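The plan is to look up a few things and jot down what turns up.

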Amino acid sequence: KQDLDKGLEKTKSSLFGQITKAVAGKSTVDEEVLDELESILIASDVGLDTTVKIIDRIEERVRRDKYLNTSELNEILRDEIVQLLAENNTVDIEDYTLPSDSKPSIILVVGVNGVGKTTTIGKLAHQYQAKGKKVVLGAGDTFRAAAVDQLEIWSKRVGCDFFSKGMNTDPAAVAYETVQHAIQNNCDVAIIDTAGRLHTKVNLMKELSKIRRSVAKSLDGAPHEVLLVLDATTGQNAFEQAKHFTDATEVSALALTKLDGTAKGGVAIGISDQFKVPIKYIGVGEGIEQLQVFNKRAFVESLFE
Ligand code: GDP
C-alpha cells in the first residue's frame with residue numbers, strides 16, 4: 001500500500017492539482033469544467049477514446065441530475081474509473097497465483113527492450129519462489145548478450161533455475177528446452193524471456209508464433225500466459241506497443257512498469273480499456289519487492305485519496 005501510494009504520487013498530484021485548479025471558484029460542473037477535465041485526462045495519457053468515454057459518462061450524470069456539485073467531481077470520476085477498469089479487468093488478482101493448475105505453468109514474456117522486461121521477470125520469480133514455487137527462467141532473448149547475462153544474474157539473486165543456450169541461438173529451441181527443463185526438474189513454473197527488438201509486424205508475428213508452437217509441442221496446453229510488459233513512462237508509445245503486440249499474438253495479461261517515474265499513470269486506465277487485456281502487475285520501483293498485483297480499487301483509491 002505504501003509502495004503503491006508512493007508509486008502513484010506523481011500521477012496523483014498532477015491529476016489532483018489540475019482538477020482542483022479546474023474547479024476553483026466554481027460550484028457546479030459545467031461545460032467549461034468538463035472541457036478542462038478532458039484536457040487533464042488526455043494529458044495524463046488516459047488516451048483519447050477512453051477520455052471521451054469517461055467525459056460522456058459524467059456528462060450523462062450531469063444531464064440526469066441537472067446539477068452536479070464540483071466538490072463531488074473527484075468521487076464521481078473515481079467511480080467511473082473503477083467501473084471502467086471493472087469492465088476490462090474482470091478478475092482482481094489477489095495474489096501471485098500461477099496462471100494454470102497444470103504443472104509446470106509456462107509464461108511467455110514479451111515487450112520491447114528497455115521497458116523493464118528482465119526486471120519484471122526477476123521480481124515475479126522472486127514472488128513465486130517466496131511462495132515455495134520452484135521457478136526456472138528461460139533466456140529466450142538470444143539477440144542481446146546483456147539480456148542473457150542479466151537474466152542469469154536475476155536467477156542467482158532469486159535463487160531459481162536458469163536455462164540458456166547462449167547468444168544467437170534459436171529462441172524457439174530455448175523455449176522448447178526450458179519447458180523440458182521445467183518438466184524434468186519438477187519446476188512449478190517456467191518464465192521465458194523473448195526478444196524485444198522492434199520488429200516489423202510480420203516478423204514479430206512469425207517469431208512469436210514459432211516460439212508459441214515450440215512451447216506447445218514441448219508441453220500440451222502451453223503457454224498458459226503471455227505477459228506483455230509496457231513502460232508507463234512512455235505514454236502514447238505504450239499504446240502503440242500494446243497494439244503491435246496484441247495484433248501479433250494473443251496477449252493474456254499486462255505488466256505496467258515504472259509507474260513511480262511518471263505523472264502519466266492514466267495510461268493504465270486507457271490501455272486496459274482499449275485492448276481489453278487485464279492489467280495483472282504494476283511496477284512501482286526498481287526494488288525486488290516493488291512489483292504488485294494490480295487491484296483496480298486499490299489503484300484508484302491511491303490516485304484519489
Ligand atoms: P528490459 O530491457 O526490458 O529487460 O529492461 P530492464 O529490466 O533491464 O529494465 C530497464 C531499467 O528499468 C532498469 O534500470 C530497471 O531497474 C528499471 N525498472 C524496471 N522496472 C521498474 C519500475 O517499476 N520502476 C522503476 N523506477 N524502474 C524500473
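**Before starting**

I'm noting for myself that this is a predicted model.

**Helix 6**

I began with helix 6, which runs over residues 117-130 and has 14 residues. I checked its span: from the first C-alpha to the last it reaches 20 Å, close to the 20 Å expected at 1.5 Å a residue.

Next I wanted to know how many of the residues of helix 6 are buried. I got 11 of the 14, so this helix is largely enclosed by the rest of the structure. I wrote down the buried ones: Lys 117, Thr 118, Thr 120, Ile 121, Gly 122, Lys 123, Leu 124, Ala 125, His 126, Gln 127 and Tyr 128.

I also looked just past the end of helix 6, where Gly 132 takes a positive phi of about 80 degrees.

**Thr 142**

I moved on to Thr 142, which I found in the loop between strand 2 (135-138) and helix 7 (145-158). Buried or exposed, this Thr 142? It's buried, with a relative accessible area of 1%.

Then I asked what Thr 142 is in contact with, leaving aside its neighbours within four places in sequence. The list I got is Gly 166, Met 167, Asn 168, Thr 169, Pro 171 and Val 174.

**Helix 9**

Helix 9 covers residues 201-218, 18 residues in all.

**Salt bridges**

How many salt bridges does a search of the whole structure find? It finds 21. I picked out a few pairs to look at.

My pick to begin with was Arg 64 and Asp 65, whose side chains meet in a salt bridge at 3.5 Å, N to O. Arg 64 is exposed, with 53% relative accessible area, whereas Asp 65 is partly exposed at 37%.

Then I took Asp 188 and Lys 103, which form a salt bridge with their closest N and O atoms 3.4 Å apart. Asp 188 lies in the loop between helix 8 (171-184) and strand 4 (189-193), and Lys 103 in the loop between helix 5 (73-88) and strand 1 (105-110), so the pair ties together parts that are 85 residues apart in sequence. Asp 188 is buried, with a relative accessible area of 15%, while Lys 103 counts as partly exposed at 47%.

Lys 243 and Asp 247 make a salt bridge too, with the closest N and O atoms 2.8 Å apart. I placed both in helix 10 (residues 236-248), 4 residues apart, about one turn of the helix. Lys 243 is partly exposed at 45% relative accessibility, and Asp 247 is partly exposed at 33%.

Notes:
Residues numbered from 1 in each chain as written. Predicted model: local features only at pLDDT ≥ 70, side-chain atom pairs only at ≥ 80, totals over all residues. Heavy atoms only, no water. Helix = DSSP H or I, 4+ residues; strand = E, 2+ residues; numbered from the N terminus. Expected span 1.5 Å × (residues − 1). Buried < 20%, exposed > 50% of the residue type's maximum accessible area, 1.4 Å probe, protein only. Contact = heavy atoms within 4.5 Å. Salt bridge = Lys/Arg side-chain N within 4 Å of Asp/Glu carboxyl O.
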